[in-house]
Amino acid sequence: MYGFEAMTFNIHGGYLEAIVRGHRAGLLTAADYNNLCQCETLDDMKMHLSATEYGPYLQNEPSPLHTTTIVEKCTLKLVDEYKHMLCQATEPLSTFLEYITYGHMIDNVVLIVTGTLHERDVQELLEKCHPLGMFDSIATLAVAQNMRELYRLVLVDTPLAPYFSECITSEDLDDMNIEIMRNTLYKAYLEDFYKFCQKLGGATAEIMSDLLAFEADRRAVNITINSIGTELTRDDRRKLYSNFGLLYPYGHEELAVCEDIDQVRGAMEKYPPYQSIFSKLSYGESQMLDKAFYEEEVKRLCLAFEQQFHYGVFFAYMRLREQEIRNLMWISECVAQNQKSRVHDSVVFIF
Amino acid sequence: MVVDHETPSLENGQTDKEVEENANVLQFMDSMDAYLTLIHSLSSTLRRGWLELASARHSMGASRVNTVLLDHTSHPAATSLLVTQDEGKVDSGKPHFTLCKWASSSNENSLLGEKHSSQDKLHPQLRHRGSTELYEEKTSSENKASREVDDPVQKERSKSLSMFGTLVSPKLRAAQLSFEAALETLVEIANMRSEMLCAFDQVNMKLEGRKDEK
């Protein structure tokens, strides 16, 4: 019953909630970002990060540093924290934590399949996969010629198997099919995660519904904008939108027929939470839309920590860390390219 | 009115020589100025392109914009460079570079690319982008022709980006356009360098001739 989690949550989830709140306190602050934004070189960044929780992960990296090295090592820290929490978790928290990584699993599957299509070496592809999305038989993906084989040979034994029912065909894999497969899988995953959280009930269902609905809406907008001027038909576009969220179903009907960014703005401004996002952009401009959406997401994720005894804090922490890693990636690119004036274009402060 | 008989008149052959020499020097300096302007333009275009690529990577994620996705299957080049010698001119032997963009589509596209890459050498800021742009610098006839070729060119552009997926961020498309512009500028730089070296040779020849006369 909602409201009575306080009586039983701590039995199984109390330790890990304390752990994740402790990790949250280690997120970079505005002062850290200000120092990082003033760095002249990547070695300066390494020096500043050595005073943070990323220090042990970067200290042994030789100079000259590369931007991808910084991102890889910071990601390793997130992976270590996640694995620690996962091995300490009991059901249903362990299943909840596994759900958080399915998005990365989908990305890895698509990376391997696309890279194989482009005749790239499998070992090279595996090195670029996200560590949170790895599974045992991932290397076998390289032998599949179509989605049916992909499913039968590899994915039938993975958590992604249930998401394949909508996209199994015998058509050979090509760039368009792979893109549709990616988005169809992600749609099925989000809907499944949403249903799982609804089953959990209580504060978890309430908080995660809001966060996942925002994710579904943002995906719908990105799919719309990215498909403008492509061969993707309106019907195919509509099929890629999730069946939940604030925009479902009427917003989706409007987005499906949009042909430019101003029409997307017109469709989104009817929804008050998104009106504030689009009010930050000038007409015809979409460059700052990503940052506006990230800022809104961070606000919602931080709010998840204001309530106790729910699993939403784990999801929020993982997403906040990923945002932090994105910030570090952007700052390191601006430093490496000597474009420090542009560093605030995409950095989203968390605190 | 005092007439200065010691000042050579314009009808004097020696004066013609000086006029020609001055013209050669001016041509050399003009071409050097254009060359340096193009180098500067290339540098800023490439900076913009690299930042847009980083921005696309930030937006789409590192797994979607990655060197491991580059296509290693054998496929025809989307763009080629044609090198010709300028014949029938005083400075014959000077190489001329022509960029044939999206050469796997119709021939009109490559011809349009050629026409526009040789224009506006001295004004790179107003650089035409061949068949890729629909901006106000084109004439109305060129507008019509450019609209007709834009669809196949857009398709070729999307095809070359498809290694990163078919639904890519507008930032990645912007990065593609920037690097395309940089490629055009490189060809303009090559042509300008060729002109500059040719003008330098002219000036050098005149100087050598003067030394011999003395």
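Reader: In what order do the elements of chain B run from the N terminus on?
Author: They go α-β-β-α-α-α. That comes to four helices and two strands. Keep in mind that this is a predicted model.

Reader: Okay, and what share of chain B's residues count as buried?
Author: 42% of the 214 residues in chain B.

Reader: What about contacts in chain B between residues at least 6 apart, how many join residues at least 24 apart?
Author: 62% of them do.

Reader: Switching to the interface. How much area do chain A and chain B bury between them?
Author: About 3100 Å², with 55% of it on carbon and sulfur atoms. Chain A puts 38 residues into the contact and chain B puts in 28.

Reader: Which residues in chain A lose the most area to chain B?
Author: A:His118, A:Arg120 and A:Asn226, which together make up 19% of what that side buries.

Reader: Which elements give two or more residues to chain A's side?
Author: Helices H6 (93–117), H7 (122–128), H9, H10 (202–227), H15 (289–304) and H16 of chain A.

Reader: Tell me about H9 of chain A. How far does it reach from its first C-alpha to its last?
Author: 38 Å over 26 residues, 175–200, and that's close to the 38 Å expected at 1.5 Å a residue.

Reader: What caps the N-terminal end of H9(A)?
Author: A:Asp174 does, with a side-chain oxygen 2.8 Å from the backbone nitrogen of A:Asn177. Just after the helix, A:Gly201 takes a positive phi of about 75 degrees.

Reader: New topic: packing. Which residues have the most contacts inside the largest nonpolar core?
Author: A:Phe96, A:Phe193 and A:Phe314, in a core of 106 residues. Helix H16 of chain A, residues 312–336, supplies the largest share of this core, with 14 residues.

Reader: What does A:Phe96 touch, leaving out residues up to four places away in sequence?
Author: Its partners include A:Phe193, A:Phe196, A:Cys197 and A:Leu200, as well as A:Met208, A:Tyr311 and A:Phe314.

Reader: And which residues are in the other core, the one lying apart from it?
Author: That one has 25 residues, among them A:Leu247, A:Val264, A:Met268 and A:Phe293.

Note on methods. Residues numbered from 1 in each chain as written. Chains lettered and ligands numbered in written order. Predicted model: local features only at pLDDT ≥ 70, side-chain atom pairs only at ≥ 80, totals over all residues. Heavy atoms only, no water. Core = buried A, V, L, I, M, F, W, Y, C linked by side-chain atoms within 4.5 Å. Buried < 20%, exposed > 50% of the residue type's maximum accessible area, 1.4 Å probe, protein only. Contact = heavy atoms within 4.5 Å. Expected span 1.5 Å × (residues − 1). Polar contact = N/O pair within 3.5 Å; in protein donor to acceptor, adjacent residues only side chain to side chain. Buried area = accessible area lost by both parts, 1.4 Å probe.
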